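These are my notebook entries on one structure. I set down what I looked up, step by step.

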Amino acid sequence: MLVALAALAFLIVIHKLEYFFSARLLGARIQAFSWELLISMLVMESLFGTAGLIAAPVYYAYVKRELREADLI
């Protein structure tokens, strides 16, 4: 039982650390700060589950580009 809980905790920690690494790599590619991507990934995951997590960087990059072109940011 203790080993199973330790394995579960390890998987959860690794999964959340993946957010940080993903945000850092994708942020450099789409010219966004990693904290912006982290927030968008967490919000989209809580709203839409795994599909939202996967789609969050794409939608965030699109929205940010559109706002820049409109001179709103």
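**Entry 1. Source of the coordinates.** I note at the outset that this is a predicted model.

**Entry 2. Helix α2.** I began with α2, which covers residues 34-48. I then looked up burial and found E36, L37, L38, S40, M41 and M44 buried in α2. These buried residues pack against α1 and α3. After α2 comes G49, and I recorded a positive phi for G49, near 75°.

**Entry 3. Helix α3.** I repeated the length check on α3, residues 50-69. Its 20 residues should span 28 Å at 1.5 Å a residue, and I read 30 Å between the end C-alpha atoms, which agrees. I next asked where α3 bends. The bend, of about 45°, is at A56, and a proline, P57, follows within four residues. Both A56 and P57 are among the buried residues of α3, together with G52, L53, A55 and K64. I find the buried residues of α3 packed against α1 (2-30) and α2 (34-48). Just after α3, D71 has a positive phi of about 55°.

**Entry 4. Crossing of α1 and α2.** I looked up how these two helices meet. Their axes come within 8 Å and cross at roughly 125°. That angle makes α1 oblique to α2. I noted the crossing of α1 and α2 as right-handed. On the α1 side, the contact residues are H15, K16, Y19, F20, S22, A23, R24, L26, G27 and I30, and on the α2 side they are S34, L37, L38, M41, L42 and E45. Of the α2 residues in this contact, L37, L38 and M41 are also listed as buried.

**Entry 5. Crossing of α1 and α3.** I then turned to the other partner of α1. The axes of α1 and α3 come within 11 Å and cross at roughly 25°. The two helices are therefore roughly parallel to each other. This crossing of α1 and α3 is right-handed. H15, Y19, L26 and I30 of α1 make the contact with L53, P57, Y60 and A61 of α3.

**Entry 6. F20.** Is F20 buried, exposed or partly exposed? I found F20 in helix α1, with a relative accessible area of 47%, which means that F20 is partly exposed.

**Entry 7. E36.** Which residues does E36 contact, apart from its neighbours within four places in sequence? E36 lies in helix α2 and is in contact with Y60 and K64. Both fall within the range of α3, residues 50-69, and K64 is one of the buried residues of that helix. I put E36 itself at 13% relative accessibility, and since buried means under 20%, E36 counts as buried. The C-alpha atoms of E36 and V13 are separated by 20 Å, with the two residues 23 apart along the chain.

Notes. Residues are numbered from 1 along each chain as its sequence is written. This is a predicted model: local features need pLDDT of at least 70, side-chain atom pairs count only at pLDDT 80 or more; totals for chains, interfaces and linings use all residues. Side-chain values use heavy atoms; hydrogens and water are left out. The expected span of a helix is 1.5 Å times one less than its number of residues. The bend at a residue is the angle between axes fitted to the seven residues ending there and the seven starting there. Buried means under 20% relative accessible area, exposed over 50%, partly exposed in between (1.4 Å probe, protein chains only). Contact means heavy atoms within 4.5 Å. Axes are lines fitted to C-alpha atoms, for helices over the stretch in contact, and angles run from 0 to 180 degrees between N-to-C directions. Angles under 35 degrees count as roughly parallel, over 145 as roughly antiparallel, 65 to 115 as roughly perpendicular and the rest as oblique. A crossing is left-handed if the near helix is turned anticlockwise from the far one by less than a right angle, and right-handed if clockwise.
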